[in-house]
Amino acid sequence: MKLGFFTMPLHPPERDYTQTLKEDREAVLLADRLGYCEAFIGEHVTDVCESIPSCLTFIASVARDTKQIRLGSGTVNLPNGHPAQIAADVAMVDHMLEGRFLFGIGPGGLRSDQEVFGNLELDRNAMFLESINHILALWAGEAPYNLKGQFWNISTEKTMIREAGQGVMVKPYQKPHPPIVVSVVVPHSKGVQAAAARGWTPITANFLQPVWAATHWPMYVKGCEQGGHKVDTADWRVCKSIFVADDDASARRYARDRDGAYGFYYWNLLTKRRSRGQADIYKHDLQMPDAAVTVEYLLDRLVLCGGVNSVVDQILAFRETIGDFGTLLYAGHDWADTRLARRSMELMAEKVMPAVNTTIGRASRAA
């Protein structure tokens with residue numbers, strides 16, 4: 001099992017924005033130094049808590065200062081931008097990273113972003129599909145372009161001057177394009193099946209109960225079979241909120257504190273989901289009353305925390321529940337205590353994952 005990193009990120013609104021940007025950047029640089037294989041960065045425009053408005057801009061800011069880690073958009077919310085601009089920006093970032101880029105895409109989940117960009121009442125799934133189809137066509141095709149759609153028409157036929165470069169778009173560094181990744185947040189997702197049929201790979205969100213996370217793999221298998229693609233558990237990424245400390249008591253104090261970094265994270269997400277009547281996503285049993293879905297309940301069921309040995313056992317138990325997967329994405333949280341937050345990432349890479357993989361390897365050899 002590989003170890004990666006995923007951050008939206010999400011910070012208390014009273015924190016200094018300049019400082020949190022520095023911390024978000026340092027978290028990615030630390031992940032690179034510690035050997036995390038990849039890091040995905042989310043984006044939201046109208047939210048001072050989820051405070052990176054452009055994941056591509058952020059990724060460009062760390063491109064030259066990272067050495068081996070692959071950097072991914074987590075995700076570019078396609079309905080909120082013009083496909084030609086996204087295609088050009090992604091191609092540039094892919095060249096800056098010389099192939100270390102992963103193109104994470106999604107329809108966008110923040111309702112205030114949808115309102116500000118004018119697509120709150122539109123079919124964003126249809127916009128998402130049209131956008132990615134346009135982007136892929138721009139990368140695969142040659143100028144002049146003439147793409148027609150319901151939401152966007154893209155052409156350079158009237159203005160192209162080929163010899164001067166006008167009307168011609170750059171193509172990505174990776175051929176035919178960077179690997180495409182989709183985030184999955186609902187049980188039994190038909191979206192992951194459709195994505196798999198096109199050769200795209202999934203990330204299971206860290207705020208999904210394990211019983212529902214387990215439903216993603218069968219849908220992925222169906223999609224791969226439908227599209228004629230190889231089925232490989234190495235292609236499944238699963239994100240989890242994890243906190244590791246030098247002892248169990250310290251870990252629980254930090255990660256189970258309703259007013260701490262992890263408590264704020266889940267309070268924020270729960271508040272937003274409740275506002276649109278979608279608290280069911282957080283229930284392990286759909287018969288639960290909404291009132292039972294509290295921050296304490298989410299911290300208890302969705303956050304793995306403890307000393308090294310305890311977290312190793314929890315990861316292995318989680319894997320038993322949902323099945324084998326290729327990459328565990330450590331979810332980034334606010335650095336309420338910088339020393340403890342950094343220490344958790346270090347312990348995760350240096351102690352927890354080696355022990356997890358030793359146990360997995362031993363079980364595989366025995367089988």
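Colleague: Let's start with Tyr330: buried or exposed?
Modeller: This is a predicted model, and in it Tyr330 has a relative accessible area of 3%. That is under 20%, so Tyr330 counts as buried.

Colleague: Which strand is Tyr330 in?
Modeller: Tyr330 lies in strand β12, residues 327–331.

Colleague: And how many residues of β12 are buried?
Modeller: Five of the five, so β12 is largely enclosed by the rest of the structure.

Colleague: Which residues sit on which side of β12?
Modeller: Thr327, Leu329 and Ala331 are on one side, with Leu328 and Tyr330 on the other. Both faces are covered. In a regular strand, side chains alternate between the two faces of the sheet.

Colleague: Nice. What does β12 pair with?
Modeller: β1 pairs with β12 in the parallel sense, over five bridges. Strand β10, residues 237–244, also pairs with β12 in the parallel sense, over four bridges.

Colleague: Which residues stand opposite each other there?
Modeller: Gly4 is opposite Leu329 of β12. For Val238, the bridge partner in β12 is Leu328.

Colleague: Back to the Tyr330 ring. Which ring does Tyr330 pair with, and why is the pair called stacked?
Modeller: Its partner is Phe5. The ring centres are 6.4 Å apart and the planes meet at 20°, so the pair is stacked; the cut-off for stacking is under 30 degrees.

Colleague: How far apart in sequence are the parts that the pair ties together?
Modeller: They are 325 residues apart in sequence, because Phe5 lies in strand β1 (residues 2–7) and Tyr330 in strand β12.

Colleague: What about Phe5, buried or exposed?
Modeller: Phe5 is buried, with a relative accessible area of 2%.

Colleague: How many aromatic pairs does the structure hold?
Modeller: There are 16 aromatic pairs.

Colleague: Which residues form an aromatic cluster?
Modeller: One cluster is made of Trp217, Tyr220, Trp236, Phe318 and Phe325. Over the face of Phe318 you'll also find Lys240, at 4.6 Å from the ring centre.

Colleague: What lines the largest cavity?
Modeller: The lining has 19 residues, and those nearest the centre of the cavity are Phe5, Gly332, His333, Asp334 and Trp335. The elements giving two or more residues to this lining are β1, α1 (17–34), β12 and α13 (338–366).

Colleague: How do the lining residues of the largest cavity divide by class?
Modeller: There are 11 nonpolar, five polar and three charged residues.

Colleague: And which residues line the second largest cavity?
Modeller: Asn77, Asn80, Pro107, Gly108, Gly109, Leu110, Asp113 and Gln114. By class, that lining has two nonpolar, five polar and one charged.

Colleague: How far is the C-alpha of Ala63 from that of Val93?
Modeller: The two C-alpha atoms are separated by 8.3 Å, with Ala63 and Val93 being 30 residues apart along the chain.

Methods. Residues numbered from 1 in each chain as written. Predicted model: local features only at pLDDT ≥ 70, side-chain atom pairs only at ≥ 80, totals over all residues. Heavy atoms only, no water. Phe/Tyr/Trp six-rings, centres within 6.5 Å; stacked < 30°, edge-to-face > 60°. Buried < 20%, exposed > 50% of the residue type's maximum accessible area, 1.4 Å probe, protein only. Lys NZ or Arg CZ within 6 Å of the ring centre and 35° of its normal. 1 Å grid on protein atoms, 1.4 Å probe; cavity = no way out; pocket = protein on both sides within 12 Å on 5 of 7 lines; lining within 4 Å. Nonpolar A, V, L, I, M, F, W, Y, C, P; charged D, E, K, R; others polar. Pairing = 2+ DSSP bridges.
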